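Trainee: Can you walk me through this one? I have the sequence and the model open.

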Amino acid sequence: MNGKDLLNAMTEINQEFIEEAEFSEIRIHPNKKRNIIRTVSAIVAVAVMGVTAGAVSEVFTHRETVENWLSGDSRQQLEEQGLVSNYIAENEYFRMTLETILNDGFTLYLIATLEPLDETAQEFLQENGSFTLNSDFYDADTGEMMHYHGSAGFHVENGKNLIEFQYGIESENISRSAEIAFSLSEKHYPDKNYLMEGLTIPIDLAPNLKVLEFQSESGESVYLSPFELYSRTQDCMTTPISRICLVKKNGFRIEIDDDFELSGLSSKGGASALVSEESDMKYSYLDFDKIINIDEYQAIEFKNMNNNEVITYTLKAE
Amino acid sequence: MEDNEILELFYQHDEHALQEIASKYGAKLKRFAMHFLGNEPDAEECLNDVYFKAWNAIPIRKPEHLSAYLMQICRYTAFSMIDRQSAQKRNAVLVELTNEMEQCIPDVSAPEQQTELSELLSEFLKTLSKEKRILFVRRYWYGDSIREIAEAFHWQESRVKTNLFRIRKKLELFLKRKGFFI
């Protein structure tokens, strides 16, 4: 199968979607405009308190942006927290600068910038506006290959060459240090793999973000991190869900489809479970398109699509 | 004339049905065909093909959304015409869209089951917010350029590209999870 097959298959999609896209006018929701100042202030405050919390990944995409908003001391504290990184990996073709590491113990989310160092690399980027990188994790101590679900992708945003990485972390790997090595798909980029040779990033797989556990009356748990909601068991998430609400401590409810972009698979169509190939563990997750302050929330409500029953998960006492 | 009335003409094999769809949808279909085919003679040929196919198919298929159905026939026909054309006439729009879609396909083989793939694509589109879904459909169904989408959404072009990139990544993951790739 190739991209053309996919494009052809698009012809027969649900006709409602074809008409929806024809007649709708898109209006930008004013609240979706990110308030960088507010978010950065929250991060600085949290760093001073010595509590790890969510970081705005896009703020730290560009080092100059970080230095515009944060004092040298604050930036240093965040670096110590592991939220801002300036690790550089380089070969003769590319320089990869790791800008941000977000790790909630379930998902590892990294952002790096990629600079071409010669004409060959420059040409490659100009010909390929976006592409997927294969990534392999190796135990830093033993060299043993580790298994990860996830992907890394290159794209251009605001004139910067970015790579976004997102990987699922197996709980048994949390205490390990790893190296990530990159390669290009042989299928899509034959004979181009030399461009990525030697580009490796060392990464500590220990979480650097605070996560809160919410529990149902029956003892099942879901976890809320600054950038996602997840469950390590299949019990709750495989129930078809029609609505998810985050309940703030002030009682205000935020339905996930309203304020957040639901970029996981568990949307109105129902929840999905992903089975790890290497283990029997099942897990589900919904990742947000913006960073939230998890300390604002006291409960999470899931509405069962089949019987409209609302199942409430309340914040578990630490 | 309302769509249900036009459909009724088709079911009765009344040739006025073709006049009605030409009158109501002809201009739109031709613009759509032009977008992919790039020239008027080919677009006209495509349009005539659409009417012919609609005449044969509608009484059997009984579509719920006439406009979308005609657009689907038009898309199919335009793509088939492009396939038949020589390499020198490769369509730039299609090449660009195809290259982007390639990123949704991992390094494994997949069964050539277009019907199943179409159903999965619809299922995937349901998981998206309305805004993201329209963005994706405008790009990969309607073939809109990044600039056209940016203007319609009142976004910067970079934001359109970033969002499309993320949706393509999600699609790749979705297809993998559905076991479509072996």
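Mentor: We will take confidence, then strands, then cores. This is a predicted model, in which local features need pLDDT of at least 70 and side-chain atom pairs count only at pLDDT 80 or more, while totals for chains, interfaces and linings use all residues. Residues are numbered from 1 along each chain as its sequence is written, and chains are lettered from A and ligands numbered from 1 in the order in which they are written.

Trainee: What is the mean pLDDT of chain A?

Mentor: It is 67, and 58% of the residues of chain A reach 70 or more. pLDDT is the predictor's confidence in each residue, from 0 to 100.

Trainee: OK, strands. What does strand 10 of chain A pair with?

Mentor: Strand 10 (residues 212–215) runs antiparallel to strand 18 (residues 310–315) of chain A, with two bridges. Two strands pair if DSSP finds at least two bridges between them. A:Phe214 stands opposite A:Leu315 there. Strand 17 (residues 297–304) of chain A also pairs with strand 18 of chain A, antiparallel, over five bridges, and A:Phe302 faces A:Ile311.

Trainee: And how many bridges join strand 2 of chain A to strand 3 of chain A?

Mentor: Nine, and the two strands run antiparallel. In their hairpin, three residues lie between the strands, and A:Gly105 takes a positive phi near 90°.

Trainee: Is strand 2 of chain A mostly covered or mostly open?

Mentor: Mostly covered: eight of its 10 residues are buried. A residue is buried if 20 or more other C-beta atoms, placed from the backbone, lie within 10 Å of its own, exposed if 12 or fewer, and partly exposed in between.

Trainee: Why does A:Thr132 count as buried?

Mentor: Because A:Thr132 has 23 C-beta neighbours inside 10 Å. A:Thr132 lies in strand 4 (residues 131–139) of chain A.

Trainee: Last topic: how many residues are in the largest nonpolar core?

Mentor: It has 59, and B:Leu29 is one of those with the most contacts inside it. A nonpolar core is a set of buried Ala, Val, Leu, Ile, Met, Phe, Trp, Tyr and Cys residues joined through C-beta atoms within 7 Å. Helix 4 (residues 66–84) of chain B gives the most to this core, nine residues.

Definitions and conventions
Helices (H or I, at least four residues) and strands (E, at least two) are DSSP runs, numbered from the N terminus.
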